[in-house]
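Work through the exercises below with the sequence and the 3D structure open. Each task is followed by a solution in steps.

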Amino acid sequence: RRQRVLLWGVLMAAWEAAWGQLRYSVPEEMPKGSFVGDVAKDLGLQLPPSRDRGVRVIDRGRTQYFALHRKSGHLVTAERIDREQLCESLQQCVLRFELIEEGEMKIFGIEVEVMDINDNTPSFREAETELRLSETTAPGSRFSLAEAHDPDWGQNSLQTYNLTGDEHFSLAVQKGPGGDQRPELVLAKALDREKEAFHHLVLRASDGGDPARTGTARIRVTVLDANDNAPVFSQAEYTVRVPEDNLPAGSLVLRVRATDMDTGTNGRVSYSFGNVPDGVRALFTIDRESGEIRTEGPLDFEEKSKYSFGLEARDGGGLTGHCQVQIDITDDNDNSPEVTILFLSSPVPEDAPVGTVVALLKVRDRDSGENGQVSCELSGEAPLSIVVSPGGSYKVVTASALDREQAAEHRVTVVARDRGSPALWSRTELVLEVSDVNDNAPVFEEAAYSA
């Protein structure tokens, strides 16, 4: 028994020592097969000629973005990688996966940072917009303009705005709480509808790439009479929490309200989204008259846990008020654990020592918190046990001596169960064959014969 304990400790120490980590970087949009790093050299791996037990890349996500070139040992891209699609507005875009060396039963963690390139031009949601301003508007008044969107990051993202077209207007850029730039149209000179009823402007948004990319939007200003009060929301920011799966399409999420002190058409308020991503418009709608925000499609916490966007209240005279809305999605236990068999050693000789690793499993649950915490156990009578390994994986090892003459095959079921309420679970069957060794001598049916 003491020898078995010592053997188990040696195996665990070897497994822990094998868990290393490499980090590489690669620009986005590289073609399939582009070089990332010399994994074989950096890890000191010897690539076996046989494909039965080699070195494999195990990706954590549903799409495998990297592969290992068997002859050279180079890590290469398996797909064209779009940083903006994967990481949206994250400062660092890091993809993590595992490299398994089946012969030595080693796992290596690898991180690849996807570097941004200037492959997107700043763009406005609408190429042409119209502002309706009263001729009594005082010089110095400011009006929010639609923001440009550039999914690139850092210096390649949106940097500057520029306005051309008319001496009556100038441009001011305000810094938002998150560091975003919000362009505002400033009335520099008093308007006179009788002299000039329309003003045509061009707003340009430029990024900091080399060379820089520029997007434009045309602004038409229509001069109206006497509307001196803009709508004002009851709150500058609205926050609400909703569950991810319990709301059918059309459910009420939030009702906003803005008031305008003017009367008649100038005091009639309509509501609309501000400069929001298409993903928000696909999931939520707003009633122009009531200000009710309702669900348009299913909400999924695993896809996105928070939505923040702006709303606009516009009166009949063209003046606008703005507010910010934040919708927090709460997680439901709506994903069952997923069990993947990374490695299965079958058949196993019957004289294999206790503690021999016969299978390597990867368990994943897309939920978060307790809903994503998973435990594994074996169901069935077999001389096997399951233990936790680093990186969220599990090993199935022999728990006692094997005897092919008693059982040539062992079947067990791996049951993965999360800690949600109610708990979700999944199962995977393992079939282990036991190969024969010459451990039995011939035996006569009788000890003596007489004839």
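**Exercise 1.** Which residue stands opposite V396 of β29, and which strands pair with β29?

Solution.
- Step 1. The residue opposite V396 in β29 is A359.
- Step 2. Strand β26 (residues 357–364) runs antiparallel to β29, and 5 bridges join the two. Strands here are DSSP runs of E with at least two residues, numbered from the N terminus, and two strands pair if DSSP finds at least two bridges between them.
- Step 3. Strand β28 (residues 384–389) also pairs with β29 in the antiparallel sense, over 6 bridges. In this pairing, S385 has V397 of β29 as its bridge partner.
- Step 4. The hairpin of β28 and β29 has 3 residues between the strands, and G391 in this hairpin takes a positive phi near 80°.

The model is predicted: local features need pLDDT of at least 70, side-chain atom pairs count only at pLDDT 80 or more, and totals for chains, interfaces and linings use all residues. Residues are numbered from 1 along each chain as its sequence is written, and side-chain values use heavy atoms, with hydrogens and water left out.

**Exercise 2.** Explain why β29 is described as largely enclosed by the rest of the structure.

Solution.
- Step 1. Apply the cut-offs: buried means under 20% relative accessible area, exposed over 50%, and partly exposed in between (1.4 Å probe, protein chains only).
- Step 2. In β29 (residues 393–398), 6 of the 6 residues are buried, so the strand is largely enclosed by the rest of the structure.
- Step 3. Check each face: S393, K395 and V397 are buried on one side, and Y394, V396 and T398 are buried on the other.

**Exercise 3.** Describe the setting of D328.

Solution.
- Step 1. D328 belongs to strand β23 (residues 320–330).
- Step 2. D328 counts as buried because its relative accessibility is 11%.
- Step 3. The side chain of D328 makes a polar contact of 3.2 Å with that of Q326. Such a contact is a pair of N or O atoms within 3.5 Å; within protein, one must be able to donate a hydrogen and the other to accept it, and residues adjacent in sequence count only if both atoms are side-chain atoms.
- Step 4. Beyond its neighbours within four places in sequence, D328 is in contact (heavy atoms within 4.5 Å) with T239, V240, R241, V242, S305 and K306.

**Exercise 4.** How many disulfides does the rule give, and which cysteines are joined?

Solution.
- Step 1. A disulfide is a pair of cysteine sulfur atoms within 2.5 Å, and the count comes to 1.
- Step 2. The disulfide joins C87 to C93, with S to S 2.0 Å.
- Step 3. The link is right-handed, with 60° about the S-S bond.
- Step 4. C87 and C93 are both buried.

How values were computed
Helices (H or I, at least four residues) and strands (E, at least two) are DSSP runs, numbered from the N terminus.
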